[in-house]
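Biologist: I am new to this structure. Please take one part and look at it closely. Start with the whole, so that I know where I am.

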Amino acid sequence: MNKYSLIYFLLFSLLITSCKKHKEEYHSITDKIEAESKNYHGVDLSSETFFGDFKMIKISEGEHAFLIPERKGEIKLYACTECHTKPLPKMKGEDVKKAHWNIEIKHAGSQTMNCITCHNSDNMDELTSITGKSIDFNMSYKLCSQCHTKQFDDWKGGAHGKKIGGWAPPRASLTCVNCHNPHNPSFESKWPARFNTQKIEERK
């Protein structure tokens, strides 16, 4: 074996051994992932474990399909037509018990919004869009999406709102009304659980 053949042999030997000096060392992160995932069969974690008392329904919005809580079964006085036996204008002069006397709308100014902005005055079992299209109570997010378009796009993609069961499949997300009171949707400002007096002193 001449000098050059010996050099090539040594370089080749070095190349083979350098890729994996020890059992747990790999040439690249991709090699490591592939090697260590060969016998991986996944986990049995499912978001369904976290549904609790929620009855879920499947929705599709564009390329997004996921589960949301059924709404109508959670409304104490649904169906509304049990009391709203006539369209709202025809009930105005009648002696009817005021069931909603305690609701105060703090969503937008009175020039912009009142009860029939969202509620269908001809059929109180349904909501209504700003163009007069009926919206099922289970799909109330469609009503919110008319004004809150950015939040709606984020919600569809999973960036806004709370996921049930985190990222475990099947995807399940709370809707607008599961977190926000539709008549008073803003959250009150809160101090942190631990008040940082040092920062307050620094800001003086």
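Modeller: Start with burial. The protein chain has 204 residues, and 23% of them count as buried. Keep in mind that this is a predicted model. The protein chain exposes about 16400 Å². Carbon and sulfur atoms supply 55% of that area.

Next, the elements. The protein chain holds eight helices and four strands. Read from the N terminus, their order is α-α-β-β-α-α-β-β-α-α-α-α. Contacts reach along the chain as well. Take those between residues at least 6 apart in sequence: 49% join residues at least 24 apart.

Now the close look, at a loop. Strand E4 (134-135) lies on one side of this loop and helix H5 (141-144) on the other. Ser140 sits in this loop. Is Ser140 buried or exposed? Its relative accessibility is 8%. Buried means under 20%, so Ser140 counts as buried. What does Ser140 touch, leaving out residues up to four places away in sequence? The partners are Leu127 and Val177.

His84 is in the loop between strand E2 (64-69) and helix H3 (88-91). Its relative accessibility is 17%, so His84 counts as buried too. Again leave out residues up to four places away in sequence. His84 then touches Met91, His100 and Met124.

Methods
Residues numbered from 1 in each chain as written. Predicted model: local features only at pLDDT ≥ 70, side-chain atom pairs only at ≥ 80, totals over all residues. Heavy atoms only, no water. Helix = DSSP H or I, 4+ residues; strand = E, 2+ residues; numbered from the N terminus. Buried < 20%, exposed > 50% of the residue type's maximum accessible area, 1.4 Å probe, protein only. Contact = heavy atoms within 4.5 Å. Areas by Shrake-Rupley, 256 points an atom, 1.4 Å probe, with all protein chains shown as cover.
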